[in-house]
Structures are given as structure tokens and as C-alpha cells.
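The sequence and structure come first, followed by notes grouped by topic.

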Amino acid sequence: MTDNRTAPLQGSTTGPAQTVLQIDDLGVAFSTDAGAVRAVDGVSLTVKRGEVLAIVGESGSGKTVTAKTILGLLPETAVSQGAVLLTSRDGASSNNVITLSTQQLRQVRGTDVSMVFQEPSTALNPVYTVGWQIMEGIRAHGSVSRADARAKAIEILGRVGIPDPEVRVNYYPHQFSGGQKQRVVIAMALVLEPGLIVADEPTTALDVTVQAEILDLLRRCRDEFGTAIVLITHNMGVVADLADRVAVMYQGKVVEEADAQTLFSSPKNEYTQKLLASVPYVGQGIVRAAARADARAPGWAEQTPVVVADQIRIQYPGRLGRPGFVAVDGVSFSIRPGEVLGLVGESGSGKTTIGRAIAGLTRVTDGSLSVLGHEMNGFKERQFSRLRSDIGFVFQDPASSFNPLLTIAECVAEPLVVHGRAGNPASARKRVDELLEAVQLPRAFGDRYPHELSGGQRQRASLARALALEPALLIADEPTSALDVSVQARVLELFAELQREFGFAALFISHDLAVVDILADRIAVLYHGRLVEEGTGAEVLGAPQDPYTRRLLASLPVPDPAAQAIRRDELRRLRAAG
Amino acid sequence: MTLTTPTGPASGPAPSRRKPSLLGRLPVVHQLRQSVGLQRGMLVAGLVITAAFVLTAILAPVIAPYGYGQLRDTDGAFGAQQPLGGSHLLGTTVGGYDVLSRVLWGSQTALFVIVVAVLLSIFAGVFLGLVSGYFGGWLDRVLVVVCDAIYAFPSLLLAIVMSIVISGGQSNLIGGVLAAAISITVVFIPQYFRVIRAETVRIKSEAYVESARVLGAGNSRIMFRHVLRNATRTLPLIFTLNSSEAILTLAGLGFLGFGIEPTAAAEWGYDLNKSLSDVTSGIWWTSLFPGLAIVLVVMGITLVGESLNDLADPRLRGRRAVGASSGLVAETSVVPGGTLIAGPGGLAGLETPATSTPSDEEGRS
Amino acid sequence: MTTVMTEPAAQANGPKQKRKPSGGGIGRYIAVRFFLIFPTIFILVSMVFWLMRTTGDPITAALGGRLSADELAARVAAAGYDRPLFVQYLEYLGQVFTGNFGTTISTNRPVTEVLVTYGAATAELVVYCLIVAFIVGIPLGMLAAYYRDKAPDASLRIFAILCYATPVFFAGLLFKLVFAVWLKVLPVAGRASTSSELQMQLLPNKTGFYTIDAIQTGNPAVLGDVLAHAVLPAVTLGLLTAGVFLRLVRTNVIGTLGTDYVDAARSRGVSEFRLVRKHAYRPALIPIITVIGLQIALLLGGAVLTETTFEWKGLGFMLAEFLQARDFVAVQGIVALLAVIVALSNFFVDIIAALIDPRVRY
């Protein structure tokens with residue numbers, strides 16, 4: 001049993017080792033339906049005590065697999081080689097995680113290393129209280145009495161910022177908000193004071209404002225608890241905010257490794273440079289927006305707007321006498337022909353509901369919503385269906401935007417067939433090919449099935465379908481949120497090009513101010529169903545009036561460590577003020 | 001911003017691709033190719049048994065030594081309760097019929113009932129489930145309550161009642177089969193209804209259905225082109241489950257005395273009913289063989305169903321093990337929860353790690 | 001004989017920023033489920049009534065061949081079966097809800113008496129069977145999930161499928177053959193030997209539950225006799241049900257074992273065994289319990305067959321006899337009772353599932 005424990009790692013003479021984790025030439029392969037696949041290839045990394053190492057990459061880079069290997073959490077279909085040397089909590093010895101037996105792994109997990117997961121709502125067992133789950137982790141490592149474990153649980157909950165921990169320790173997970181759930185998950189990871197925490201996309205599923213708070217908490221873990229953190233993420237802003245050193249992974253290999261400041265200011269590897277170049281940042285779109293505004297014909301602003309919303313209110317029906325949830329409350333805005341309005345908000349803000357209301361998928365409860373001259377409050381489908389050929393919709397989730405049993409060509413041809421421009425998908429093929437070309441997809445893709453395309457390609461096909469009938473209005477609901485950064489950049493670029501070429505009006509919904517900035521002529525900010533700010537990009541992003549907008553803007557991390565440090569202080573001041 | 005990042009499994013010159021051959025896309029063949037190890041064994045065993053059953057049913061007139069209602073031949077009457085051997089390989093029953101023949105002919109009756117029962121219930125059940133799930137409203141609620149009530153009630157008892165109503169109990173082949181089949185139908189429509197309705201409700205909120213609605217496609221187009229084809233992907237599985245239950249119910253009816261007259265057709269449950277008294281006197285061949293026939297056929301069909309169920313769920317599907325250094329580096333993305341939740345195309349068809357932005361407002365279900 | 005096609009437990013996925021003003025959830029839930037009982041009973045009872053009446057009135061069906069036309073007509077009129085069907089239907093519904101089920105035609109006893117006398121026997125059988133099914137099915141299901149895809153799991157699954165594929169009466173026949181006829185260790189049929197029955201009949205407080213009555217007699221031989229008679233029927237029906245439970249537990253526990261929270265617990269160093277026993281099992285309980293409720297129907301159907309095989313004089317056995325005799329009044333009565341039982345058991349099962357799931361409670 002003690003064969004696997006080696007002498008303390010290099011860099012230490014006496015006392016606890018300085019290196020918490022050392023990965024040597026790691027290789028991991030999986031068996032899948034398509035055959036054997038290599039996820040990680042020859043990766044070597046080191047993490048020192050109390051340091052934050054960020055592993056950055058897009059999908060397929062192998063970063064999550066690497067993270068899971070550190071804890072030995074790979075599924076049975078995986079085969080790994082190489083060494084992952086993890087120092088024990090007291091620093092006296094280290095283990096090679098890959099060669100540990102199940103029993104030894106169990107001892108290592110939680111005490112030497114622990115994990116924070118991406119999705120807080122699924123990382124907690126819904127039928128047990130959070131206290132029970134924390135205590136379970138404590139008592140799995142040594143005999144601790146119930147009372148002691150409970151006391152520890154309450155203490156750690158308090159330290160991660162959960163108010164009233166003595167009461168909340170008995171709550172079930174669903175009684176917490178998303179951000180609080182993530183705090184609980186971090187508490188579970190911290191409770192046995194491991195030397196290393198592996199955080200796998202810890203803030204990806206959270207709103208931007210909540211993200212900033214969780215990043216603060218992780219920073220406190222490093223500073224107050226002295227834990228090293230391996231941070232897995234694809235978000236360069238998060239990296240700039242938290243990381244001391246950064247490793248960039250691409251297709252299973254580490255292509256660059258440097259300290260944060262150097263990586264951002266002078267990246268050496270071509271891939272890293274491209275990656276950094278495609279990260280959207282606030283202020284990017286000012287020049288473009290100005291150019292667009294200049295290019296418009298005079299008298300443009302007086303044209304009849306394509307969409308006019310006047311104090312609309314949308315309330316979902318309640319169940320059995322309970323009042324329903326009010327998603328949108330008293331929002332007014334308008335979209336003129338050829339204009340792009342960016343609708344920004346966090347979860348629960350009502351932005352998707354508004355998009356759906358305009359498309360006729362959700363009913364307006366009160367107020368007036370006029371789409372292409374047709375009143376949506378109390379509309380009849382039969383009358384509205386004539387106008388549907390003038391509206392296009394792009395959905396957020398590329399995975400389910402297409403019928404999995406139809407080819408891409410059949411899907412893109414659907415609007416043409418439905419509105420009688422073609423008899424069947426085959427006869428519409430010529431037009432479909434044109435559309436595919438317009439979105440920069442090869443014609444041959446028309447014969448493929450949706451699952452044979454990547455996410456970015458599917459979103460482009462989705463755009464093609466939405467533009468098939470040359471609509472006057474395009475509604476895009478978070479179309480790039482589920483895509484990699486570089487792919488997102490291309491799709492946004494494509495969107496801008498198409499908008500220039502076809503001249504449709506657009507409602508671009510997103511949670512990301514920087515993304516919206518690239519495309520929008522005007523930006524509207526929603527908060528809990530209310531419109532709190534509206535104006536051009538320069539106005540809203542340059543000189544925001546509303547405190548929520550300011551906070552939102554301040555919480556958005558930028559890909560530059562020095563600037564980000566300054567912004568952090570700014571945000572702290574804002575929060576303290578109100 | 002012109003990047004040449006790899007765009008995924010489809011990068012490079014696209015292989016000229018037509019739809020995979022029809023044979024490769026048939027539900028069972030596709031799974032057969034995919035499966036491995038134990039699951040493959042189960043699937044193969046089940047298919048072999050089921051095929052044997054169907055063949056026996058079709059060829060019964062040819063391979064059975066005697067007719068199902070035959071009591072005598074040129075050598076005289078068979079005699080009752082004769083032990084194994086001689087001209088009666090498996091002995092004779094208390095009524096004087098040849099056991100082997102009745103077992104073989106019984107497969108024909110069983111197949112007949114399955115076909116009729118499943119055919120009748122599939123169409124009604126699927127259609128009702130689709131319409132009810134898609135439109136919702138009061139019609140949906142009423143149908144759900146009715147179907148839940150029927151579904152929860154012991155199917156055998158309902159089948160008995162229906163059997164009495166239709167044919168007064170005993171009958172000829174057509175009457176008996178129809179009685180059994182219709183009674184099984186009434187009981188199984190709720191099953192199909194429930195499953196298809198649940199699938200329809202789930203699919204209704206998928207993005208591609210909403211996309212079709214935004215386009216302005218009519219309800220019937222959406223229902224049949226988008227929803228139905230995707231909702232029925234679990235049908236082969238239910239089909240096998242219902243086939244096995246049909247046989248068991250038919251046998252149950254026969255056992256309780258509501259089956260088919262021996263002179264009209266052979267039926268395994270009826271034979272078991274008649275052999276109840278034999279058991280106390282130690283005569284085992286009149287009950288063992290018909291019973292074994294039932295067990296074997298139901299097992300075969302259920303094995304097929306179980307392995308289809310496993311293979312349809314990537315979580316339960318097994319995969320071939322891999323050597324450590326094999327495999328090309330390719331697009332992989334490990335989604336939360338592990339690779340086992342990978343999409344049908346394996347890892348290569350996956351989306352980027354769910355950068356699931358805080359989705360949306362409550363009340364959207 | 002319902003099947004086990006449930007999907008594994010769904011995952012917690014509440015809205016992210018909200019804390020629901022909770023409480024009162026369960027009260028509402030119970031109320032809704034309670035009100036669903038009535039339509040359920042109503043639908044089933046009506047269905048059977050109309051179905052049976054399409055074949056004519058009960059008296060003609062039962063005694064048709066044996067009486068002259070005039071006598072028949074007189075009897076029919078006397079019993080009120082010549083009134084418009086709808087009137088009879090309404091009267092019947094009223095009677096059902098007041099608990100009056102009429103008098104049997106073949107034996108001329110109040111149906112309620114039949115229900116009570118023989119209902120106890122069936123209840124006893126069902127209880128024994130459930131005990132066997134729970135003891136055998138659930139732990140084996142967890143074991144199968146723990147050893148997933150390895151040899152123990154494979155053999156357990158085949159065992160479960162075998163249990164499902166074997167008709168109850170065939171298994172009963174085989175067990176009878178082996179244990180009662182060849183090995184002669186267990187009795188062939190019935191609930192108890194005649195002498196034991198006589199002893200129990202003499203008790204002042206007969207419950208009808210032979211186990212309880214046997215204990216009341218204070219005679220260990222009687223108790224032993226009663227239990228010996230119960231073994232074969234209970235094991236036969238119990239094993240079939242155990243097979244269903246096994247597959248049910250296995251599928252659902254495997255489902256929950258694949259969730260993120262189990263992975264998260266694993267990352268904290270919780271042992272695999274404890275993961276199955278605590279983390280994966282409880283969330284899986286919710287769909288398991290729901291399906292178990294539906295299995296009550298399976299048991300009742302199976303009880304008919306088992307009772308016939310072993311001459312266990314319970315409701316199932318009597319139902320078969322009444323059906324043979326075309327005694328529709330009795331049949332309707334028994335079916336109505338079964339409908340009530342099914343509806344009530346569904347209700348209780350729903351309540352229990354809701355109690356286990358804190359998302360409904362808070």
C-alpha cells in the first residue's frame with residue numbers, strides 16, 4: 001500500500017513540499033461509438049502551493065479530462081498513462097493518482113484534492129440537506145462525531161458567505177439560489193482543507209454579477225486558506241481575474257504556459273494569439289456602430305418601426321389559484337427597419353420572453369406590442385400567420401434546433417415549403433445551396449444530418465434557415481452562448497455581414513454586454529422584467545446611468561490582468577456604495 | 001478575426017455522403033452493430049429465440065406430427081395421458097391430444113394474437129398520445145385520467161370481462177383470438193398512449209418544434225413531420241414489451257377457462273389449465289412443455305426489448321475497451337456528468353461544454 | 001402485469017436565482033391526488049357495468065337455460081332488470097357509493113359478505129407476496145446496480161427476466177410438482193388443512209386472516225400448518241413480483257449513479273458502496289415507489305391466477321368461479337372493490353413519494 005508514495009517532490013529540503021501537483025506526460029484515451037479517441041496527449045504541468053493555475057481551452061482541448069484525471073474521476077472507458085503526482089495535505093509525501101487503488105483514491109479525494117463542479121444545481125443531491133452532504137464528506141475521512149461534523153459544517157458555510165448558517169445547514173439544495181449553491185459546493189470542497197482544489201468551469205453556469213462574487217470567494221480560498229487552485233475555463237476574462245499562471249490547451253496538448261500577465265500581453269503561440277484576438281470586449285463596436293449610423297439614409301429614423309412595444313406585461317399563468325410569475329413588467333421600446341437592438345439581461349430578466357412574444361410563441365398579457373404593424377396582444381394565429389414569413393428566429397441551443405431525422409437541406413428548405421415558395425425540399429435545393437453559401441457552409445453539408453455538424457456549423461445553418469424568406473425582422477436568442485470563443489467570433493462576424501447585406505432589423509438577445517456591443521446599434525438592459533436603461537452602445541456602455549447597469553458592466557471581467565485588478569476595486573466600491 | 005480553428009468532425013473535404021443504407025438504419029440492425037459483450041449476447045439470444053418462434057408459428061402445419069385437435073389416426077385413438085415416447089414424442093394430454101403437436105400449433109395462435117393485438121393498439125394508442133400531448137387542454141386531461149385508471153387496473157381481469165362480452169367465453173379460433181386480442185388491446189392502448197404522450201410533451205418544447213411554429217407551419221405538419229417521427233423512436237421497445245404481455249395474458253385467459261376450444265386451435269394456457277389435476281398425480285409432461293414454450297418465447301422477446309432499451313440509452317450502453325496509446329487526437333469534449341452521456345454519435349457529435357448560460361425564466365414548462 | 005419502463009430519476013433543476021416561497025406545496029398536492037380517486041373508481045366501475053350489461057341482464061345470463069321464459073321474465077321484473085339501463089346504472093352507482101353491492105345470483109348471499117370473507121384471504125396472500133418480493137427484489141436490484149455489467153449483474157438480470165417470463169400458474173404448477181408431489185414436503189393446495197380450519201372456525205374473534213387466527217388458537221401445529229400452506233403460493237407470486245422489482249431498482253439506481261451529484265460525492269471520498277446505498281438509492285426511490293404502486297395491479301391480477309392454481313379461496317378464486325357461473329352481480333361487486341383498492345393504493349403511493357421528495361414538501 002505504501003509503494004505508491006514517493007519522496008517529497010523537488011524544490012523542498014525540509015518542511016512541506018512546495019509543489020502541490022505535478023503532471024508528467026499525461027495521456028488519456030477513450031473508447032466511444034466511433035472508436036478510440038485521444039483526449040489528452042503528453043501534458044505536463046506543475047502547480048505550486050497557494051497558486052492559481054488556469055487551464056484554458058475550447059471544446060475538445062482536453063482540459064476537463066485533465067481535471068478529472070487529477071481526482072481519478074474518469075469513466076471506465078478511459079485509459080490513462082503517465083504520472084499525476086499529488087502531494088498529500090501535510091506535504092509529507094505524494095501519490096501518483098493514476099496508479100492508486102480504489103481504496104487509496106478514496107482517501108486522497110477530499111483531503112488532498114477536491115473538486116468544484118460547473119453546474120451547481122446538479123452537483124448537490126436534491127433529497128438530502130446541504131448539512132448532511134457536507135458532514136458526509138467530513139465523516140468519510142476519519143471518525144468524527146455527528147456533533148463535531150455539524151459544527152464544522154456550520155462554520156464552513158459561514159466562511160463561504162452563506163448568511164445564517166445555523167439555520168441554512170438544514171436546508172435542501174433547491175432552497176438556495178444558484179450562486180449560493182455554488183458557495184455550498186465550494187464549502188464542501190474546502191471543509192477538509194485540501195492543498196488543491198480543481199474548479200471545473202465554476203462560474204460558467206452563473207450570471208455575470210454572481211460570477212464576480214464567486215471569483216472573489218475563490219480568491220479568498222487562495223489567500224486565506226492557502227489552497228492551490230486549478231481553474232478550468234474557456235473564459236479569458238475569468239482567467240485574467242483570478243489566475244497566477246495560465247496553460248493553454250489545444251487538441252489535447254499544452255501549447256503555451258506562462259504567468260498571466262505575460263500571456264495576455266505577449267502571447268507566443270499562434271493559437272493563443274488567435275484565441276485572445278477573438279475574445280469580445282466592451283468598446284469594440286463603437287467604431288462600427290458609428291460607421292453604420294453614418295451610412296444610413298437621412299430620414300431613416302422617421303420610418304415606421306418594425307416592432308413597437310408599449311408598456312408590455314407578460315405574466316405566466318399560475319397553478320391552481322396561485323398568481324403566476326411576472327416575467328416582463330412595463331417594458332417599452334421600438335426597433336426601426338434595419339436596426340439591431342441588443343437586449344441584455346441576466347437570468348430571470350425576461351429577455352427571452354420578450355423575444356418569444358415578438359415571434360408569437362408567448363402571449364402578451366397587457367400593454368401593446370406591435371410587430372410589423374400587427375398587434376400581438378390578443379392576436380389570432382390565423383391572421384398572424386401571413387406575417388410569419390417576415391420573421392426569422394435563431395435559437396440558443398444548436399443541439400436541438402434541428403429535427404435529428406431530417407437533413408440540413410430539408411430543414412433549411414422548411415420555410416420555403418411551408419410558405420409555398422417550393423413544393424418540396426428537393427425542388428428548393430437550389431435556393432438552399434445559395435443560403436448555405438451565404439452562411440459560408442459548403443453545399444455538401446446540405447446532405448448531412450444535424451449531429452454530423454459542429455455547434456458553430458449548426459448555428460450558421462440555423463441562420464440560413466431563418467433568412468430563407470428574407471425576413472424583415474430577425475430574432476436571435478443567445479445564438480452564440482453555447483459556442484466556443486473562436487467559433488462565436490466567426491458567427492458574430494457572419495451575422496454582422498449578413499445584416500449589412502440583407503438589411504433586416506434584428507433583436508439580438510444576450511447576457512453578454514461585450515457580444516452585444518459588436519453588433520448592436522442600440523442596447524436595452526433588462527433587470528427582473530423591467531427596462532432599466534436604453535441607448536446607443538456608446539451611451540449605455542460608456543456612461544451608464546442605472547446602478548444595475550453599472551454593476552453589470554463592472555462585473556464583466558476583461559482579458560487583461562492589470563486592468564481587471566483595477567476594475568475589481570471599482571466593483572468593490574460600487575457594491576459597498578449600494 | 002479570420003481564424004482557422006478546426007471546425008469539428010466535419011472539417012476537411014467533406015466525404016461525399018448519402019444517407020446510410022436503409023438496411024443499416026433499420027432499428028435492430030443498427031443496434032446489433034453497435035452492441036458489445038453481454039448486451040450483444042442478450043440481443044442475439046433474444047433475436048434467435050424470437051426468430052425460432054416466428055418460424056415455428058409459420059411452419060407449424062408442416063412440422064407438427066399431428067393436428068391440434070386430432071384425437072386419433074390410422075392406428076386408433078391416441079389415448080389419454082400417455083407418457084413420452086413412441087409415436088408421441090412428448091406424450092398426450094388428459095383429453096387425448098398429442099402434446100408436441102399442440103405445443104407447436106400453439107405458437108401459431110400466440111403469434112396471431114400478438115399481431116392482431118399489437119396492430120390494433122399501436123395505432124389507436126399512438127394517435128391518441130400524439131394528439132393529446134400536442135394539443136393539451138381539457139381533452140388531454142380527461143384522456144390522461146381515463147387511461148391512468150385503465151392502466152392501473154389489473155389487465156387480466158379486464159381481459160376476462162372483455163372476453164366474456166365478446167364471445168361469451170369459449171369460442172372458435174377467430175372468435176377466441178379476436179376476443180383475446182381485443183381485450184388485450186383495450187388494456188394496452190393506455191400504455192402506448194402514456195409513452196407517446198410523454199415523448200410528445202417533451203419534444204413539443206424542443207427548439208426545432210418551436211422553430212417550425214415560428215415559421216408558421218400548420219399543426220398537422222408539425223405533428224407528423226417533426227413530432228411523430230421523433231416520438232416513436234422508443235416504439236420498438238414498447239412493442240416487444242407488449243408482445244410478451246400479450247402472450248402472458250392470452251395464456252392467463254386460457255388458464256382460467258376463457259380461452260379457445262381445443263378443437264378450434266391449440267393454446268398453451270388452456271393446456272395448462274387441463275393439466276392442473278395431472279400434477280397431483282405426478283404427470284408432468286402435460287404441463288411442462290406448454291409452460292416451457294411460454295417461458296421461452298416471452299424470454300426471447302423480452303431479451304430483445306431489454307437490450308434495445310440498454311442500447312438506446314448511451315448511459316447504459318457498453319463500449320469496446322481501448323488500448324492506452326491508440327487513437328488519434330480528435331474532437332472530444334467532456335460534458336459535465338461524464339462521457340457516458342455522450343450523444344448518439346459518440347463523442348464526435350458533441351456540443352461544446354454546456355456553457356449553459358443562465359437560461360430562463362420560471363414557468364416555461 | 002404491467003412493465004417496468006420508467007426513466008431514471010430526473011435531476012434537480014430549479015430556477016437559479018429564485019428561492020420559492022415554500023410550504024403549502026404538499027397540502028395542495030394531497031388534495032389534488034385525493035380528488036383523483038373518485039374519477040378513477042367511477043371510470044372503472046362504469047366500464048365494467050356497461051360492458052357486462054351489453055350481454056344482457058344478469059339473471060338471463062346466469063339462469064337463462066334453466067327456466068321457462070315466463071319465470072325468467074318474472075324474475076327479471078322482480079329484480080328490476082327490465083327498467084331502462086341508464087336508470088339501473090344510476091341506481092347502481094348510488095349503491096356502490098353507499099357500500100351496497102347487491103346479492104349474488106348463484107349463491108344468493110350479500111356481495112359484501114363475499115367480499116369480506118374472501119377478501120381477507122387475498123389480502124393475506126398479497127401481504128406474504130409483498131414480503132417475499134421486497135426481501136428478494138430490492139436488495140438484489142441494488143446489488144445488480146453495484147456490480148453493473150459484471151457477472152453478478154448479468155445473472156441477476158437473466159433471473160429477473162426469467163421471473164417475468166414465467167407465468168405465475170406455470171411456476172406454481174412446477175413448484176407443486178416438485179415440492180408437494182415429488183418431495184412431499186409442502187401441502188398441495190388450500191389455505192390450511194381441514195383440522196386447522198375447524199379449530200379456527202371455533203374462535204370467537206375470527207379475523208379471517210389465517211395467520212392471526214392460528215396464533216389466536218394458541219396451537220403451534222395450527223400455525224405451522226397455515227404457514228406451510230402459505231409458502232408455495234407466496235413464493236410463486238412473490239418471485240414474479242421480485243423480478244419486476246429487481247429490474248425496476250436496477251434501472252433507476254443505475255440512472256442516479258450516473259448523475260453529477262453522485263460524481264461530486266465520489267470526489268469527496270465517499271465509498272462506492274455508500275454511494276449506491278445512500279446517494280443513488282434515495283432519489284431513485286421516488287420513481288420506484290410510483291411504479292410499485294402500479295404493481296398492486298400486477299399483484300391483484302396475479303392473485304387470481306395463483307389462487308386458482310393453489311385453490312386458495314380468496315377473491316381471485318371466487319371471481320373465477322363467479323365468472324364461470326356468469327354471476328354478474330358478484331363480478332361487478334368484486335371489480336368495484338378492486339377499483340377502490342387500486343385507486344386508494346395509487347393515492348397512498350403518491351403521498352409517500354411526495355413525502356420523500358423534499359422539493360414537494362418545502
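**Sheet in chain A**

In chain A of this predicted model, four strands form an open sheet in the order β12-β11-β14-β15, with antiparallel pairing. The edge positions belong to β12 (326-335) and β15 (374-375) of chain A, and each has a single partner strand, so one side of each is left without a neighbour in the sheet.

Pairing at β15(A):
- Strand β14 (residues 366-371) of chain A pairs with β15(A) in the antiparallel sense, over two bridges.
- A:Val371 has A:His374, in β15(A), as its bridge partner.

Helix on the sheet:

**Chain B**

- Chain B contains 13 helices and three strands.
- Of the 365 residues in chain B, 56% are buried.
- Of the contacts in chain B between residues at least 6 apart in sequence, 69% join residues at least 24 apart.

**Contact between chains B and C**

- Chain C contributes 51 residues to the contact and chain B contributes 46 residues.
- On the side of chain C that touches chain B, the elements giving two or more residues are α1 (25-53), α6 (151-165), α7 (168-182), α11 (260-267), α12 (272-310), α13 (315-324) and α14 (328-356) of chain C.
- The most residues on this side come from α1(C), which gives eight.
- By type, the residues on the side of chain C that touches chain B are 34 nonpolar, eleven polar and six charged.

How values were computed
Residues are numbered from 1 along each chain as its sequence is written. Chains are lettered from A and ligands numbered from 1 in the order in which they are written. This is a predicted model: local features need pLDDT of at least 70, side-chain atom pairs count only at pLDDT 80 or more; totals for chains, interfaces and linings use all residues. Two residues are in contact if their C-beta atoms, placed from the backbone, lie within 7 Å. Ala, Val, Leu, Ile, Met, Phe, Trp, Tyr, Cys and Pro count as nonpolar, Asp, Glu, Lys and Arg as charged, and the others, Gly among them, as polar. A residue is buried if 20 or more other C-beta atoms lie within 10 Å of its own, exposed if 12 or fewer, and partly exposed in between; C-beta atoms are placed from the backbone. Two strands pair if DSSP finds at least two bridges between them.
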